[in-house]
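Dear colleague,

Please find below the structure that I am handing over to you. My notes on it follow.

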Amino acid sequence: MFVDEDNITDLAVQRWGTAHPKRLSELMTALVRHLHAFARDVQLTEDEWMAAIEWLTAAGQISNEKRQELILTSDVLGLSMLVVQLNNRYAPEATPATVLGPFHIDGSPAAPYGFDMSDGIAGTPLFFTGKVTDVEGEPIAHAVLDAWQADADGNYESQMPDVDEARLRAKYRTREDGTYCIRTIAPRGYAIPMDGPVGDLIRKTDISYFRPAHVHFLIDEPGHQKLITHLFQEGSEYLDSDVVFGTKDALVVRFTERPAGVAPDGSTLDEPYLHAEYDFVLQPD
Ligand code: BEZ
Ligand code: FE
């Protein structure tokens, strides 16, 4: 049978329906149907489609082992956060998940209770304390909290080519009673990378390209769903306009100002600091 405008979608769906395993065939046939519907819906022109292909090519070409423009694309389209929500439907008392983002680095060093992961980087000292528990409130001993964040200029370690040791990232472990203590510096809101194809596209819109101040956490404990989340600073700018749709009420935490003196880890600080208290509650498998 020859192809015409009316039968092309059915023909392409038939061909891609031969993909295996079955799930791949399900994904590819749905993709073909939705792409064809999109082209029909907007009456896509050849110039527009070529511009889109050039944009995708540029997004691939600017990506490398440290930069991932296609993850960023998925993030700003809201697709990453939709996939997170579809796959992490937790009990209301569990800590909600949010986007991983492109800046997580595997293999952060193990850090003792109260360790300062900012290691002399300028900024206001910030302590996170609390527990890791299950949904019944039972503490989880020895749970690993993998934490990472940007510095006060909004830069992550992977955006700094010359840095060759862990910077603003560490893996903390809860004590026997489930408690943890992290020392770091206050994060600030920052712009997503705007010097590539995603930035070019966003500049053609009124979209704010900032994220509110946050610290990332990953907790992967046996018997529980892997939790990938952030804690956001209460009152931070951009909470209502996060460019990657990652904010949730339950993840917004007060960073309380405290005077110089005894810090939550028992040490003495000669400058004022911030203290955020938060219990991470893990969803059972
Ligand atoms: C981040 O929070 O690290 C991030 C997430 C998505 C896009 C860009 C940055
Ligand atoms: Fe971030």
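Phe127 is buried, with a relative accessible area of 0% (buried means under 20%, exposed over 50% and partly exposed in between, with a 1.4 Å probe and protein chains only). The model is predicted, so local features need pLDDT of at least 70 and side-chain atom pairs count only at pLDDT 80 or more, while totals for chains, interfaces and linings use all residues. Residues are numbered from 1 along each chain as its sequence is written, chains are lettered from A and ligands numbered from 1 in the order in which they are written, and side-chain values use heavy atoms, without hydrogens and water.

Phe127 forms an edge-to-face aromatic pair with Tyr273, at 5.4 Å centre to centre and 75° between the planes (ring centres of Phe, Tyr or Trp, the last by its six-membered ring, within 6.5 Å; planes under 30 degrees apart are stacked, over 60 edge-to-face, the rest tilted). Because Phe127 lies in strand E2 and Tyr273 in strand E14, the pair ties together parts 146 residues apart in sequence (strands are DSSP runs of at least two residues, numbered from the N terminus). Tyr273 is also buried, at 5%.

Nine of the 10 residues of E2 (residues 125-134) are buried, so this strand is largely enclosed by the rest of the structure. E2 runs antiparallel to E5 (residues 179-185), with seven bridges (pairing requires at least two DSSP bridges); there, Thr129 has Cys181 as its bridge partner. Four bridges join E2 to E14 (residues 273-277) in the parallel sense, with Phe128 partnered by Ala276.

Yours sincerely
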